[in-house]
Amino acid sequence: MKKLRTRKHQVVLNRSAGGDVGITIMLTFLGIFMFLPMYYTVIQSLKPLNELFYFPPRFYVVHPTFDNFTDLFNLMGDSWVPFSRYIFNTVLISVGGTFGNLVLSSICAYALAKIDFPGAKQCFWLIQKSLMFGATVGGLVNFITMSALGWIDTYLAIIVPAWGSTLGLYLMKQFMESNVTTEILESSRLDGASEFRTFWSIAMPMVKPAWLTLIIYSFQGLWNSGSSEYIYSEQLKTLNYAIGQITAAGITRSGASAAATVVMMIVPILVFVISQSNIIETMGSSGMKD
């Protein structure tokens with residue numbers, strides 16, 4: 001009789017021991033391969049100027065230095081617009097756009113997933129098709145709309161369009177269909193809860209991984225937004241734009257450019273690392289349906 005494999009006193013029926021080892025080795029190599037760009041970016045920021053131009057490029061630094069970061073902040077300090085102003089603009093746009101996107105996407109996803117109304121399937125069909133088109137496709141229409149509303153050269157020109165991101169709506173809708181049962185919502189309604197109370201107190205806590213994922217994706221996109229066709233005033237520009245302008249001066253600022261890349265990616269990476277389990281759970285459920 002063949003002996004069954006066990007792990008933590010439980011029978012394992014899906015793979016052999018060799019299969020587990022092979023998958024572990026494969027995932028290890030893939031993890032190292034995907035980590036290399038981040039590692040190389042950090043190493044580049046620690047290289048003195050003469051080491052930045054070695055060919056072939058080296059994945060190590062002989063004489064590490066923080067002068068690149070010092071040069072970057074000195075350059076930012078010499079700008080006629082205060083460095084704090086760029087940070088304020090970036091935080092305001094990122095938080096405002098993310099909050100609006102979360103609220104609208106959640107409410108619309110709840111309606112599409114749990115309320116039966118005429119045209120629901122057609123609305124979701126349009127949402128799915130909209131995912132096929134990038135932001136550039138609607139750039140001209142958006143510019144005409146913003147101009148008609150008088151929002152050109154204002155924060156609203158970036159924040160309000162972020163509220164209409166259909167990717168977040170799609171993820172929230174799919175996750176609600178898979179994880180929020182109709183029976184629980186009916187019980188809440190029978191107990192006298194309003195539709196909004198049912199949505200806020202019952203549905204939203206059950207889809208926490210989905211809206212945390214939405215916050216991360218929306219925040220990262222807005223945080224990394226640079227120059228915009230809607231913003232012309234230097235006082236309204238974002239940090240990414242300011243750093244790009246300073247580090248675009250040529251070879252002499254290559255070190256500052258490498259340091260700027262690290263600075264810009266720190267916040268999104270920290271947010272992702274903290275909430276990575278929720279992202280994986282949401283992506284695993286967004287394509288499933290009972």
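A salt bridge is taken here to be a side-chain nitrogen of Lys or Arg within 4 Å of a carboxyl oxygen of Asp or Glu. The structure described is a predicted model, in which local features need pLDDT of at least 70 and side-chain atom pairs count only at pLDDT 80 or more, whereas totals for chains, interfaces and linings use all residues. Residues are numbered from 1 along each chain as its sequence is written, and side-chain values use heavy atoms, with hydrogens and water left out.

Three salt bridges are present in the structure. In one of them, the side chains of Lys173 and Glu177 come together at 2.6 Å, N to O. Lys173 and Glu177 are four residues apart in helix H8 and are therefore separated by about one helical turn, where helices (H or I, at least four residues) are DSSP runs numbered from the N terminus. Lys173 has a relative accessible area of 7% and is buried; buried means under 20% relative accessible area, exposed means over 50%, and partly exposed lies in between, with a 1.4 Å probe and protein chains only.

Helix H9 spans residues 182-190 and includes Thr182. Within H9, Glu186 and Arg189 are three residues apart, about one turn of the helix, and their side chains form a salt bridge of 3.1 Å, N to O. Arg189 also meets the side chain of Glu195 in a salt bridge, at 2.8 Å, N to O. Through these shared partners, Glu186, Arg189 and Glu195 are joined by salt bridges into one network. Glu186, at a relative accessible area of 38%, is partly exposed, as is Arg189 at 24%, and Glu195 likewise counts as partly exposed at 35%. Thr182 is partly exposed as well, with a relative accessible area of 41%; from C-alpha to C-alpha, Thr182 lies 9.8 Å from Ala113, although 69 residues separate the two in sequence.

The packing of helix H8 (residues 166-179) against helix H11 (residues 208-223) was also examined, and the two pack at an angle of about 170° with their axes 9 Å apart. Axes are lines fitted to C-alpha atoms, for helices over the stretch in contact, and angles run from 0 to 180 degrees between N-to-C directions. H8 and H11 are therefore roughly antiparallel to each other, a term applied to angles over 145 degrees, while those under 35 count as roughly parallel, 65 to 115 as roughly perpendicular and the rest as oblique. On the H8 side the contact (heavy atoms within 4.5 Å) is made by Gly168, Met172 and Phe175, and on the H11 side by Pro209, Ala210, Trp211 and Leu214. These contact residues comprise six nonpolar, one polar and no charged, with Ala, Val, Leu, Ile, Met, Phe, Trp, Tyr, Cys and Pro counted as nonpolar, Asp, Glu, Lys and Arg as charged, and the others, Gly among them, as polar.

Disulfides, defined as pairs of cysteine sulfur atoms within 2.5 Å, number zero in the structure. Cys108 is in no disulfide, and the cysteine sulfur nearest to that of Cys108 belongs to Cys123, 9.3 Å away. Cys123 is likewise in no disulfide. Cys108 counts as partly exposed at 37% relative accessibility, and Cys123 counts as partly exposed at 36%.
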